[in-house]
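Please keep the sequence and the model in view while reading.

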Amino acid sequence: MENVSELAKRFVELAKRYEEQKEVPPLSEEELALVYEVACAAGFECKGVVLGRVMVYVESRGMFPLNGRCPAKFLNEEGGDHQAATCWLNQLWKLAEVPRLFPSNDDRTAQLVEKVHKEILRSVPLAPIWLTNRGDMLLEYPPSGLGFFVDHTKEGAELGITVGVHQHCNGFMERIRATVKEDVLRCRRCSLRVYLPRDIETYGELREYLKHSRR
C-alpha cells in the first residue's frame with residue numbers, strides 16, 4: 001500500500017473530480033480500489049467494496065442512506081454492509097469537497113489534502129494487545145459515533161476502569177484491584193483474568209509488560 005500522504009492526495013483529486021455534480025456517478029473499478037485503500041489505511045477491516053447505498057431507518061427521518069454522497073459501500077467479514085467504514089468514507093468525501101474558502105486552488109488543495117491525511121491517521125484504532133499465550137486479545141473500547149471522525153485510544157492513553165473489549169468473546173474487560181502489588185484485567189462475560197503490576201499506567205506499558213511476561 002502506498003503512503004498515507006499520497007493516498008490523501010489522490011483521494012482529494014478524486015472527490016474534486018465530481019464536486020460540481022449534484023450526484024456522484026458510479027465509480028470505476030480503479031476509483032473503487034482507491035477508496036478501499038483509503039479505508040484500509042484508516043484501520044477498517046473490510047472484505048471488499050462495491051457500488052451501492054447503505055440504507056438505515058430512523059424514526060424521525062424514515063429510510064435514508066448513510067452514504068448519500070459517495071456511491072461506494074464496504075463489506076464486512078461476513079459479506080454484509082460495513083456501516084462504520086461506509087459512513088466514515090462518505091464523511092471524508094464530503095470533507096474533500098469543502099467549498100472554495102482559500103485564495104487559490106493550489107492553497108485549497110494543499111489544505112484539503114492535509115485535513116484528509118489527518119483524519120485517515122486519526123481513524124486508525126489501537127492495535128490489539130496480546131493478553132495470553134492462548135491468543136486472547138484486548139481490543140480498544142469502541143469510540144463514540146458511527147463511522148464519523150472520532151478519536152481512538154493511543155499507546156500513551158491511561159488505563160481506566162473499563163480498558164477495552166475481549167476479542168471474539170466481545171465481553172468488556174475491566175481493571176480491578178487484586179492483591180497488594182497487582183491488579184487484574186477481568187472479562188465481564190467469560191471471566192478471563194490477566195494479572196498485571198499496579199504501576200502499569202498506559203496501554204503501551206501494558207503491551208510491553210504482557211509481551212515480556214508471555215516468554
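Is Asp183 buried or exposed? Asp183 is buried, because its relative accessible area is 6%, and the cut-off for a buried residue is under 20%. The model is a predicted one.

## Overall architecture

The secondary structure of the protein consists of five helices and 10 strands. The protein has 215 residues, of which 44% count as buried.

One pair of residues gives a sense of distance within the model. Gln111 and Phe74 are separated by 37 residues in sequence, and their C-alpha atoms lie 27 Å apart in space. Gln111 belongs to helix H4 and counts as partly exposed, its relative accessibility being 34%.

## Salt bridges involving strand S9

The structure contains 13 salt bridges. One of them joins Arg198 to Asp183, with 2.9 Å between the closest N and O atoms. This pair connects distant parts of the chain: Asp183 is in strand S9, while Arg198 is in the loop between strand S10 (193-197) and H5, 15 residues apart. Whereas Asp183 is buried at 6% relative accessible area, Arg198 counts as partly exposed at 38% relative accessibility.

A salt bridge also forms between the side chains of Glu174 and Arg186, at 2.4 Å from N to O. Glu174 is buried, with 10% relative accessible area. Arg186, at 30% relative accessibility, counts as partly exposed.

## Salt bridges elsewhere

Arg207 and Glu155 form a salt bridge in which the closest N and O atoms are 2.6 Å apart. Here too, distant parts of the chain are linked: Arg207 lies in helix H5 (residues 203-213) and Glu155 in the loop between S6 and S7, 52 residues apart. Arg207 counts as buried because its relative accessibility is 19%, and the cut-off for that class is under 20%. Glu155 is partly exposed, with a relative accessible area of 34%.

Salt bridges can also be followed through a group of residues. Glu119, Arg122 and Asp151 are linked in such a network.

## A negative surface patch

Which residues gather in a patch of negative charge on the surface? The patch is formed by Glu158, Asp199, Glu201 and Glu205. Glu158 is located in the loop between strand S6 (137-139) and strand S7 (162-166). With a relative accessibility of 65%, Glu158 counts as exposed.

## A buried glutamate in a loop

Glu97 is situated in the loop between helix H3 (83-96) and helix H4 (105-122). Glu97 is classed as buried because its relative accessible area is 15%, given a limit of under 20% for buried residues.

Which side chain does Glu97 meet in a polar contact of 3.2 Å? The partner is Trp93, and the contact joins the side chains of the two residues.

Where is His168 found? His168 is in the loop between S7 and S8, and Asn170 is also found in the loop between S7 and S8. His168 is exposed, as its relative accessible area is 71%. Asn170 counts as exposed at 52% relative accessibility, because the exposed class covers values over 50%.

Technical notes: Residues are numbered from 1 along each chain as its sequence is written. This is a predicted model: local features need pLDDT of at least 70, side-chain atom pairs count only at pLDDT 80 or more; totals for chains, interfaces and linings use all residues. Side-chain values use heavy atoms; hydrogens and water are left out. Patches are made of residues with over 30% relative accessible area and no salt bridge: like charges are joined within 9 Å, nonpolar side chains (Val, Leu, Ile, Met, Phe, Trp, Tyr) within 5 Å. Accessible areas come from the Shrake-Rupley method with a 1.4 Å probe; for residues, only the protein chains shown count as cover. A salt bridge is a side-chain nitrogen of Lys or Arg within 4 Å of a carboxyl oxygen of Asp or Glu. Lys and Arg count as positive and Asp and Glu as negative; His and the chain ends are not counted. The place of a charge is taken as NZ of Lys, CZ of Arg, CG of Asp or CD of Glu. Helices (H or I, at least four residues) and strands (E, at least two) are DSSP runs, numbered from the N terminus. Buried means under 20% relative accessible area, exposed over 50%, partly exposed in between (1.4 Å probe, protein chains only). A polar contact is a pair of N or O atoms within 3.5 Å; within protein, one must be able to donate a hydrogen and the other to accept it, and residues adjacent in sequence count only if both atoms are side-chain atoms.
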